[in-house]
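Here is a short briefing on one chain, grouped by topic. Begin with the confidence values, then turn to the fold and its details.

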Amino acid sequence: MFDSWQGVVALVVALSIAYAVILLAGMAVWTFRDIRQRTHDGWAQAFAVGMVVLFNVLGLILYLVIRPSETLTESYERRLETEALLRDLPERRNCPRCDRVARDEFLLCPHCRTVLREPCLGCGRALELSWAACPYCGAQGPQAIRSTTVPSSLQQRPAGETAETSHESAQTAQPAPHAAGSPSTGATQRPS
Ligand SMILES: [Zn+2]
Ligand SMILES: [Zn+2]
């Protein structure tokens, strides 16, 4: 009777120890796999696993609190997303001279009159100065025009001009400035 009772206790104790050992091993393996996804630092990995082995469940809770919040894959993906967002931003948000905010469609900086963009000769939309072609209609962009011919009338142009009048003035102003008798060309050649 006494022997069997002692045997039961011994069995329960043995089972409890085995359960604790398996649980501890499981927690240690899980921690090792988890920390390996979050850092390449060997010391940090050893510290995390050692903490769980030493303090068991308490160590695991502590590890969950202090572990890096995102895995290496997550941080890599986040970096890719940030880079993609930055690439999609327009080339210039602020005026390069006075650093005040200039909207995407501005041709001139409204504060210091710096030329930010030029209107397309084909469709009149604002084009970045570095563009070789208009992405909307395919006409030559400011970069391509500047590399071939540099008409002086294109350099200092009033901001409100439309594409038609600027195209006209670029063609007629160069060969014969006095020949144009129409009122529209006369208006565009007047200094601002
Ligand atoms: Zn400015
Ligand atoms: Zn265009």
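This is a predicted model. The chain averages a pLDDT of 79, and 74% of the residues score at least 70.

**Confidence**
- Among the elements of the chain, helix α2 (residues 42-66) has the highest mean pLDDT, at 93. Helix α6 (residues 163-173) has the lowest, at 45.
- Residues 158-177 have a pLDDT below 50. Beyond near neighbours in sequence, this stretch still has 33 contacts in the model.
- Residues 179-190 also fall below 50. Their contacts beyond near neighbours in sequence number 14.
- Where pLDDT is low, the predicted coordinates should not be read in detail.

**Overall layout**
- The secondary structure of the chain comprises 7 helices and 2 strands.
- Read from the N terminus, the order of elements is α-α-α-β-β-α-α-α-α.
- The chain has 192 residues, and 11% of them are buried.
- Take the contacts between residues at least 6 apart in sequence: 23% of these join residues at least 24 apart.

**Nonpolar core**
- The largest nonpolar core consists of 5 residues: Ile-35, Ala-48, Val-49, Val-52 and Tyr-63.
- Helix α2 contributes the most to this core, with 4 residues.
- Which residues does Tyr-63 contact, leaving aside its neighbours within four places in sequence? They are Thr-31, Ala-48, Met-51 and Val-52.

**Helix α3**
- Helix α3 covers residues 72-88, which is 17 residues. At 1.5 Å a residue, α3 should span 24 Å. Its end C-alpha atoms are 25 Å apart, so the model agrees with that expectation.
- Is α3 largely buried or in the open? The number of buried residues among its 17 is 0, so α3 lies largely in the open.

- Asn-56 has a phi near 55 degrees, a positive value in a residue other than glycine. Asn-56 lies in helix α2.
- Asn-56 has 15 C-beta neighbours inside 10 Å, so it counts as partly exposed. A residue needs 20 or more to be buried, and 12 or fewer to be exposed.
- Arg-113 is not a glycine either, yet its phi is positive, at about 65 degrees. Arg-113 sits in the loop between α3 and β1 (117-119).
- Arg-113 has 14 other C-beta atoms within 10 Å, so Arg-113 is partly exposed.

Note on methods: Residues numbered from 1 in each chain as written. Chains lettered and ligands numbered in written order. Predicted model: local features only at pLDDT ≥ 70, side-chain atom pairs only at ≥ 80, totals over all residues. pLDDT = per-residue confidence, 0-100. Contact = placed C-beta atoms within 7 Å. Core = buried A, V, L, I, M, F, W, Y, C linked by C-beta atoms within 7 Å. Expected span 1.5 Å × (residues − 1).
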